[in-house]
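Hi,

Here is the structure I promised to pass on.

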Amino acid sequence: MTTPIIDSLADLEGRYDALFCDLWGCVHDGIRALPEAVAALQAFKAAGGAVVLLTNAPRPRASVASQIRRLGVPDDAWDIIATSGDAARLAMFQGVVGHKVWHIGEAHDAPFFEPVKLLENPAPIEKVELEEAEGIVCTGPFDPHADPAEMRPRFLLAKTMGLKLLCANPDIVVDRGDSREWCAGALAELYEEMGGESLYFGKPHPPIYDLARRRLEQIGRSVPEDRILAVGDGILTDVKGGMGENIDTLFITGGLARSETGTTDQPDPDRLDAFLADIRLQPTYAIGMLR
């Protein structure tokens, strides 16, 4: 079966009432908003659709909203945001990795540890050094350009201590403009390879989709599964996650898989088919970039 390549989101007009739309690589490139993608989302909303920005960002949704405004994504291009960070924070404040946690991440991830209003009795969380920790919270690498293998010595100790790692962002890499950066998912994957246990809450795992549905309900929209379209450039996150939820998917080939799919304006059909056959996933539709 061949995945059809569409020219624009407008080609699907009338088929879907809501989008679960990825951000990085689809709506912005980490530096600036992508104008055609913004226009496509605005048009979808103008036709009565709801847009949930579904992101593996390891931060609360308010922080993501501020970030995308700075990048030039206007408020009228979306309705509400669901983040991997929020799904993971709920779990952390329920004590899934203990009360004393070793945090792997950068200073700008500090909002992850702000209290969660949805919980009546959140578990107290204290950030400590690895040697004192009951669990690990990973919002991303200390240095997104460093080889994840540099964490092996500390992960060996953590595994010996029997610590679980809460992964706030299952993405392996992202592209910031022309620069590729490692994400928390790369560290969680390494920890598992070393025999440790990692817990995931973003795409492609169910908790973030449950949160996205609750976000739709918050804005008064109850949308059946067959009227939701998952949009994203991550074949192993956005597409795999949508397929796992029985949601149709639109694969943005000009993001993370740009080289593999031979994407310029649109993907090369033969290279796209070969890539999907190799990865063993079949998105409902494909397009070069969201427009």
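Let me start with a residue on the outside: arginine 280 counts as exposed, because its relative accessibility is 76% and the cut-off is over 50%. Before I go on, please keep in mind that this is a predicted model.

Arginine 280 sits in the loop between α8 (269–279) and β13 (285–287). Its phi is near 60°, a positive value in a residue other than glycine. Asparagine 246 has a positive phi too, at about 60°, and is not a glycine either. You'll find asparagine 246 in the loop between α7 (235–244) and β12 (248–252). With 67% relative accessibility, asparagine 246 counts as exposed. Why flag these angles? Most residues other than glycine have a negative phi, and most peptide bonds are trans.

The peptide bond that joins lysine 203 and proline 204 is cis, with omega at about 15°. Proline 204 belongs to the loop between β10 (197–200) and α6 (206–218).

Lysine 203 also turns up in the surroundings of aspartate 22. The side chains of aspartate 22 and lysine 203 make a polar contact at 2.9 Å. Aspartate 22 is in the loop between β1 (18–21) and α1 (35–46). Is aspartate 22 buried or exposed? Its relative accessible area is 7%, so with a cut-off of under 20% it is buried. Leaving out residues up to four places away in sequence, aspartate 22 touches Val27, Leu54, Thr55, Lys203, Val231, Gly232, Asp233 and Asp238. One of these, aspartate 238, is 216 residues away along the chain, yet the two C-alpha atoms are separated by 7.2 Å.

Aspartate 238 is also touched by threonine 249, a residue of strand β12. Threonine 249 is buried, with a relative accessible area of 1%. Besides Asp238, the residues that threonine 249 touches include Leu229, Ala230, Val239, Gly242 and Met243, along with Pro283, Thr284 and Tyr285 (again leaving out residues up to four places away in sequence).

Helix α3 (residues 84–92) is largely enclosed by the rest of the structure, because nine of its nine residues are buried. That list takes in Asp86 and Arg89 as well as Ser84, Gly85, Ala87, Ala88, Leu90, Ala91 and Met92. What do the buried residues of α3 pack against? Their partners are the strands β2 (50–55), β3 (80–83), β6 (135–138) and β7 (164–167), plus the helices α2 (61–71) and α6 (206–218).

Helix α5 (residues 184–193) is largely enclosed too, since seven of its 10 residues are buried. The buried ones are Ala184, Gly185, Ala186, Leu187, Ala188, Leu190 and Tyr191. They pack against β4 (100–104), β6, β7, β9 (179–182) and β10 (197–200), and against helix α4 (152–160). Just after α5, glycine 195 takes a positive phi of about 100°.

Finally, the whole chain. How many helices and strands does the chain have? There are eight helices and 13 strands. For 291 residues, a compact globule would have a radius of gyration near 19 Å, and the chain agrees with that at 19 Å. Along the principal axes, the C-alpha atoms fill a box of roughly 55 × 40 × 35 Å. Of the 291 residues, 56% count as buried.

The accessible surface comes to about 12,800 Å², and carbon and sulfur atoms hold 50% of it. As for charges, the chain has 28 positive and 45 negative ones, and their mean positions are 3 Å apart.

If you open the model, I'd begin with aspartate 22 and lysine 203, where the polar contact is, and then step along to the cis bond at proline 204.

Cheers

Definitions and conventions
Residues are numbered from 1 along each chain as its sequence is written. This is a predicted model: local features need pLDDT of at least 70, side-chain atom pairs count only at pLDDT 80 or more; totals for chains, interfaces and linings use all residues. Side-chain values use heavy atoms; hydrogens and water are left out. Buried means under 20% relative accessible area, exposed over 50%, partly exposed in between (1.4 Å probe, protein chains only). Helices (H or I, at least four residues) and strands (E, at least two) are DSSP runs, numbered from the N terminus. Contact means heavy atoms within 4.5 Å. The radius of gyration is taken over C-alpha atoms; the globule rule is 2.2 Å times the number of residues to the power 0.38. Accessible areas come from the Shrake-Rupley method with a 1.4 Å probe; for residues, only the protein chains shown count as cover. Lys and Arg count as positive and Asp and Glu as negative; His and the chain ends are not counted. The place of a charge is taken as NZ of Lys, CZ of Arg, CG of Asp or CD of Glu. A polar contact is a pair of N or O atoms within 3.5 Å; within protein, one must be able to donate a hydrogen and the other to accept it, and residues adjacent in sequence count only if both atoms are side-chain atoms.
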